[in-house]
Amino acid sequence: MRPGANCDFRIIVDDRPGLPPNAYQTLDKSGRPIIGFTPALFEAMRNRDELAFALSHEAAHHIEGHIPQVQNSATAGVIFGTILGRLAGLDAGGVEAAQNIGGTIGARRFSKNFELEADSLGARIALRAGYDPLVGVQYFQRASDPGDQFLGTHPPNADRIRVVQQTVARSR
Ligand SMILES: [Zn+2]
């Protein structure tokens, strides 16, 4: 979909203490895409299909170019990331990574449609990789409603499940 784009994903486990179940996508200084998972997310997931769907969803954010599209509205998130990094006692590189994470979180306050796009493309990626996105998306049936969560601006779970079902129906 994006010839020439850097899709050499670096996958990290973000084990700063106290983080809620979450996955995110960000970029390092060179533009290399990073996908992060918190340990709490692994504990909340029940099978390989759920993990594959979370991974493909985050990869889809990068492939769709969502971060560059929303970067201008992310200033508040960058400030948040700086504070987060200092609280966590990270070195300069770590603070920079936290700034990127903060920017992503800030940006996503405005991007429910981006989440649904990433669910749709993520479902296609997981399907092609041999996983079942219809099983994978079941994670959202169990997850508490987005209003209660750290990333409280995600779309309603029912919308996400419907988008995946429609995508799979078109792809099979
Ligand atoms: Zn997302």
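These are legends for several close-up views of a predicted model.

**View 1**
Three side chains reach the zinc ion here: His57 and His61, each through NE2, and Glu115 through OE, at 2.0 to 2.1 Å. Read along the chain, the donors follow the pattern H-x3-H-x53-E. Histidine 57 and histidine 61 are both buried. Glu115 is likewise among the buried residues of helix 6.

Now look at histidine 66, which belongs to helix 3 (residues 66–70). With a relative accessibility of 3%, histidine 66 counts as buried. Its side chain makes a polar contact of 2.8 Å with the side chain of histidine 61, and histidine 61 is itself a donor of the zinc ion. A second polar contact, at 3.0 Å, runs between the side chains of histidine 66 and glutamate 117. Setting aside neighbours within four places in sequence, the contacts of histidine 66 are His61, Phe114, Glu117 and Ala118.

**View 1. Helix 6, from end to end.**
Helix 6 covers residues 112–128. Its 17 residues span 25 Å from first C-alpha to last, close to the 24 Å expected at 1.5 Å a residue. Just past the end of helix 6, glycine 130 has a positive phi of about 95°.

**View 2. The largest nonpolar core, with a stop at phenylalanine 53.**
In soluble globular proteins, nonpolar side chains tend to be buried together. The largest nonpolar core in this model has 16 residues, and the members touching the most others are Phe37, Leu41, Phe53, Val137, Tyr139, Phe140 and Val164. At least two residues of this core come from each of strand 3 (33–37), helix 2, helix 8 (139–142) and helix 9 (157–171). Zoom in on phenylalanine 53 and, not counting residues up to four places away in sequence, you find it touching Asp119, Gly122, Ala123, Pro133, Gly136, Val137, Phe140 and Val164.

Side chains of opposite charge can pair when their charged atoms come close. Arginine 160 and aspartate 119 form a salt bridge, with 2.8 Å between the closest N and O atoms. This pair links distant parts of the chain, since arginine 160 is in helix 9 and aspartate 119 in helix 6, 41 residues apart. Arginine 160 and aspartate 119 are both buried. Aspartate 119 also turns up among the contacts of phenylalanine 53.

The whole structure holds four salt bridges, including the two shown here. The side chains of arginine 32 and aspartate 8 pair up at 3.6 Å, N to O. Arginine 32 is in the loop between strand 2 (23–27) and strand 3, while aspartate 8 is in the segment before strand 1 (10–13), so this bridge ties together parts 24 residues apart in sequence. Arginine 32 is partly exposed, at 26% relative accessible area, and aspartate 8 is partly exposed too, at 46%. In the other bridge, the side chains of arginine 16 and aspartate 14 meet at 2.5 Å, N to O. Both arginine 16 and aspartate 14 are buried.

Conventions
Residues are numbered from 1 along each chain as its sequence is written. This is a predicted model: local features need pLDDT of at least 70, side-chain atom pairs count only at pLDDT 80 or more; totals for chains, interfaces and linings use all residues. Side-chain values use heavy atoms; hydrogens and water are left out. Donors are N, O and S atoms within 2.8 Å of the metal (3.2 Å for Na, K and Ca); water is not among the atoms, so sites may look incomplete. Buried means under 20% relative accessible area, exposed over 50%, partly exposed in between (1.4 Å probe, protein chains only). A nonpolar core is a set of buried Ala, Val, Leu, Ile, Met, Phe, Trp, Tyr and Cys residues joined through side-chain atoms within 4.5 Å. Helices (H or I, at least four residues) and strands (E, at least two) are DSSP runs, numbered from the N terminus. Contact means heavy atoms within 4.5 Å. A polar contact is a pair of N or O atoms within 3.5 Å; within protein, one must be able to donate a hydrogen and the other to accept it, and residues adjacent in sequence count only if both atoms are side-chain atoms. The expected span of a helix is 1.5 Å times one less than its number of residues.
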